[in-house]
Amino acid sequence: MILLTGGTGYIGSHTAVEFINEGYDVVLADDLSNSERRVVDRIGQITGKVPAFEELDVCDKAALDRLFRKYHIDAVVHFAGYKAVGESVAEPVKYYRNNLDSTLALLEVMKVHNCRKFIFSSSATVYGENQDVPFTEDSPAGSCTNPYGRTKFFIEQILSDCAKADPELSVVLLRYFNPIGAHESGLIGEKPNGVPNNLMPYITQTAAGIRHHLSVFGNDYDTPDGTGVRDYIHVVDLAQGHLAAYRYLCGAGKGGCHTFNLGTGKGSSVLEIIHAFEEAAGIAIPYEITERRPGDIAECYADVSKAEKILGWKAVHSLKEMCASSWNWQQKSAE
Ligand code: UFG
């Protein structure tokens, strides 16, 4: 059985669907602080199999220990964590405490129960202010611009140290670029708390009339149209990347700590995303150019050749599909 912490969240729920569709048994653990119980049933509706679910805080070692006693856990995919960049600047202790404690608790309990496969939700944010795009897994990491990003970087370091100390432990660090889109059913997707920080949910809420207009944060970057460039990846492609990582870890005698970028390798500007969305949804998005957002960089996109070569994985969905599925989700279920 595979444990997905944060399994009812945006990326966790899509990954659960892909694992179940491939015949794997999963248990989702989540404290529902940023997701909903009904996601479990929605995953069941999509796959025909309702996954096991345990409501718990991953920092709670006793609760984790009970979970590992109840199920035979072969591998952990650790999605659970706080992820709001702005909040992490205002409340760094909350971020360090939660994101680091949950990882340490998992590592301790996994060791006791001899579970030796760990896949971690990392982020392209670890490349920080480095501007040498495209980023390869060997690009300098650690110059993060906020505490959230530093929690990801610190956890990568912790996991790498643990894999060095324990040859039985196999770790994969997956550095996500910008996941957008939703499952084609429209039953699961990204549901931000309050006003969205990220571009795509802000666009879909503007299209739905929930937001008046979109602010484009700066058009004076050194990019083709002056707006920020990111590597947007369909969340279903990203989810399948976890499946590829799991299969890789199951290969004989892996051990060690292995890092992979999960992106498309293609950068798109904010204006390109707006126009792609307008085309996919047939709705005009009112926007205004405003000041740059502090901490943003000009360009961030991946070199994805390592994942392609070693994991045999490649993102396949187009930008249009990403936009259309985000809009489908917004209309059907994001209320
Ligand atoms: N943007 C706008 N207006 C908005 C929101 C975003 O113009 O209302 C722009 C940003 O300036 C940026 C681009 O859209 O150029 C993407 O911004 P997002 O907030 O959607 O994503 P980021 O690239 O800033 O951050 C995301 C995740 C982080 C993660 C990071 C990794 O939110 O968790 O990617 O690079 F760490």
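Let's start at the surface: Asn114 counts as exposed because its relative accessibility is 60%, where exposed means over 50% relative accessible area, buried under 20% and partly exposed in between (1.4 Å probe, protein chains only). This is a predicted model, so local features need pLDDT of at least 70 and side-chain atom pairs count only at pLDDT 80 or more, while totals for chains, interfaces and linings use all residues. Residues are numbered from 1 along each chain as its sequence is written, and side-chain values use heavy atoms, leaving out hydrogens and water.

**Backbone details in the loops**
- Asn114 sits in the loop between helix H5 (92–112) and S5; helices (H or I, at least four residues) and strands (E, at least two) are DSSP runs, numbered from the N terminus.
- Most residues other than glycine have a negative phi, and most peptide bonds are trans.
- Asn114 has a positive phi, near 55°.
- Leu32 also has a positive phi, near 60°, and is found in the loop between strand S2 (26–30) and H2.
- Val133 and Pro134 are joined by a cis peptide bond with omega of about -5°.
- Pro134 belongs to the loop between strand S5 (117–123) and helix H6 (147–165).

**Helix H11 and Ser325**
- Helix H11 covers residues 319–332, and its buried residues include Met322, Trp327 and Trp329.
- Among the elements covering those buried residues are helix H2 (38–47) and strand S10 (232–234), with contact meaning heavy atoms within 4.5 Å.
- Why does Ser325 count as buried? Its relative accessibility is 8%.
- Beyond its neighbours within four places in sequence, Ser325 is in contact with Gly181, Ala182 and His234.
- The side chains of Ser325 and His234 make a polar contact (3.3 Å); this is a pair of N or O atoms within 3.5 Å, and within protein one must be able to donate a hydrogen and the other to accept it, with residues adjacent in sequence counting only if both atoms are side-chain atoms.

**Around the ligand**
- How many residues surround the ligand? There are 18, and the closest are Asn198, Ser215, Arg230, Arg293 and Asp296; a residue is near the ligand if one of its heavy atoms lies within 4 Å of it.
- Strand S8 (residues 214–217) gives the largest share of this shell, four residues.
- An oxygen atom of the ligand lies 2.7 Å from an N or O atom in the side chain of Arg230.
- An oxygen atom of the ligand is also 2.8 Å from a polar backbone atom of Leu199.

Conventions: Expected span 1.5 Å × (residues − 1).
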